[in-house]
Amino acid sequence: MHIVVWAAVTVLAVQAAPPSGTPLGEAYFRFIEGRALEDRGDVEAAIRAYRRAAELAPAVAEIRAELAGLFARHGRVTESLAEGQAALAIDPDNREANRVLGLVSAALAGRGDAARRAEAIAHLERAVAGDIRDPSAEFTLGRLYVEHGRYDSAIARLTRFLLDQVGYPDALELLADAYEQTGRFDDALRTLDELPEGQRADPRVRSWRAELLESTGRWVQAAAAWQQVAESDSVGVQYPLRQASALANGGDLDGARRLLTDTAGRAPGNVSVWYLLAQVEGRAGNAAAARAAAERIRAVSADDPRGLLALADAHVLAGEPEQAVALLTPRVDEARPADVDTGLHAQFVRALAVAWEAAGDHARAVAVAEVAASRRPDDSGASFDLAAAYDRAGRFADAERTFRGILARDPGHAPSLNYLGYLLADRGERLDEAVALITRALDVERGNPSFLDSLGWAHFKRGDFERARGPLEQAASQLPRTSVIQDHLGDLYVELKQYRDAVLAFDRALSGDRRGIDAETVSQKRDRARAAAGGR
């Protein structure tokens, strides 16, 4: 769109006519002539006409802006930028000059060129100021906002753009990206579902959608989505692995095992398949099968650290923590620089701490975590592991102090916000703060089912049972085999006198992974709920 401002002149359909005899009149004639020449494809003649118009009317910014646009349309970037800047020297708010400079700068800005991107944003914001509707500028501005990390601005701009350009695929993908980056996963999913059918079927988009489903804890739907992606790649193992992981996280360990066993048959030398199978067998409590999968890893690649980690986990599961300690201690004590840099050493430390705890030696578990945290004092992950070790050792004051240290450095560290909130709630301390901490965690990871359980449990501890209901029911539906969550929901239903629902929740807790619960206590609660329900 061309917007030309000439004093006391309204532009209508103009035919070639001789200059009026005044400088402004001739400038106007040369300006219109330049447009006509460009329309006919005579670019050089058009440039000469615009140049002559600028000489005759040097105070009219629109002439230089139009020339900048001509250069931009024909790929003459340097000249376009120069003319655009010349127009802004006359009128800093000239819309067309800002538009051209913004679009050209945006095209030149690489992913790492933050300064040029910021410059492009500033120009385009001026170009669309005052409720100007300019689809090209609005779309480019939305894209730049996403690339610049200004996601809320991107959401507002792209939403506005899509009101006029309904269903524009690139804008929908950018909007979904902005929603995802701000934790609005449901909105991101809804936006992807608005893409044309052909693009929704693209493996890249399907993978993205599956990851968003995982982010909201919808593991059953995520597994189905990964299966669709896997069907487009009948040879690779990447997508079956993602599907199996989603199945396992959703509580379908049998389904995950079958899929991994089939995949291992097609790719017997793939360590990732065997490692995930070892983890699934471990979660199912099958120590022998977990060990067999770990041994397959070591047979494929004796140096792959996943074999050592999987074997250590299998020993702990089999009630042989001392053997796990013997396997892991050398790798922890050596602290190879490469292991530290890649985070592998942290995994060894975590596994060794678990082994010492399984052996009943919480003091050594803490000591291992303390050494690891001291080696990487600014590593929130290492500090988090230490705080968790303190908690499991019953050193609650030390755990709280360590978590607060993490949050002092990184106020948005969602795992620490959630853990500290749950720690306070579970002990019935500072319950208002517990709710606030967990709410902040959910602001970072919206829909995280473990965080929802923490929030519901904090409300439960406050005696606010109705506010506890929503988060606990949502968490329990997303993680049906996580026993501690089902136990929490059962306790809530008892307080609400929904005894039949309580019985079902306690049954799910007993048939789940049984982590974090005392099975005998849960059985007693279930029996009392059954009696209160009339024995049914």
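# A walk through the model

Start by colouring everything by pLDDT, the predictor's confidence in each residue, from 0 to 100. The average over the protein is 90, and 95% of the residues score at least 70. This is a predicted model, in which local features need pLDDT of at least 70 and side-chain atom pairs count only at pLDDT 80 or more, while totals for chains, interfaces and linings use all residues. Residues are numbered from 1 along each chain as its sequence is written, and side-chain values use heavy atoms, with hydrogens and water left out.

**Stop 1: the start of the chain.** Select residues 1-17. Here pLDDT stays under 50, and the model has 25 contacts (heavy atoms within 4.5 Å) beyond four places in sequence for this stretch. Where pLDDT is low, the predicted coordinates should not be read in detail.

**Stop 2: the cores.** Now show Leu 158, Leu 260 and Leu 328. They have the most contacts inside the largest nonpolar core, a group of 135 residues. A nonpolar core here is a set of buried Ala, Val, Leu, Ile, Met, Phe, Trp, Tyr and Cys residues joined through side-chain atoms within 4.5 Å. Buried means under 20% relative accessible area, exposed means over 50%, and partly exposed is in between (1.4 Å probe, protein chains only).

Zoom in on Leu 260. Which residues does Leu 260 contact, leaving aside neighbours within four places in sequence? They are Leu 241, Ala 244, Val 273, Leu 276, Leu 277 and Val 280. Then pick Ala 27, Ala 45, Tyr 50 and Ala 57: these are among the 20 residues of a second, separate core.

Stop 3: Next come the helices. Helices (H or I, at least four residues) and strands (E, at least two) are DSSP runs, numbered from the N terminus. Axes are lines fitted to C-alpha atoms, for helices over the stretch in contact, and angles run from 0 to 180 degrees between N-to-C directions. Angles under 35 degrees count as roughly parallel, over 145 as roughly antiparallel, 65 to 115 as roughly perpendicular and the rest as oblique.

Select α7 and helix α8 (residues 151-164), which pack at an angle of about 155° with axes 8 Å apart. That angle makes α7 roughly antiparallel to α8. On the α7 side, the residues making the contact include Phe 139, Tyr 145 and Val 146; on the α8 side, Tyr 151, Leu 158 and Phe 161 are among them. You've met Leu 158 already, as one of the residues with the most contacts inside the largest core.

The contact is made by Phe 139, Arg 143 and Val 146 of α7 with Asp 170, Ala 171, Leu 174, Asp 177 and Ala 178 of α9.

How does α7 pass α9, and how does α7 pass α8? The crossing with α9 is left-handed, and so is the one with α8. A crossing is left-handed if the near helix is turned anticlockwise from the far one by less than a right angle, and right-handed if clockwise.

**Stop 4: α9 and α12.** Leave helix α9 (residues 169-181) in view and bring in helix α12 (residues 203-215). They pack at about 25°, with axes 12 Å apart, so these two helices are roughly parallel as well. The crossing of α9 and α12 is left-handed. Glu 173, Ala 176, Asp 177 and Glu 180 in α9 meet Arg 204, Val 205, Trp 208 and Leu 212 in α12. Notice Asp 177, which also takes part in the contact with α7.

**Stop 5: Ser 383.** Jump to helix α23 (residues 380-392), where you'll find Ser 383. Is Ser 383 buried or exposed? Its relative accessible area is 8%, so Ser 383 is buried. Not counting residues up to four places away in sequence, Ser 383 touches Pro 377, Thr 402, Ile 406 and Arg 409.

**Stop 6: two loops.** Lys 497 sits in the loop between α29 (483-495) and α30 (499-511). Lys 497 has a positive phi of about 65° although it is not a glycine, and with a relative accessible area of 60% it is exposed. Move on to Arg 514, in the loop between α30 and α31 (519-532). Arg 514 is another non-glycine with positive phi, near 60°, and it counts as partly exposed at 45% relative accessibility.
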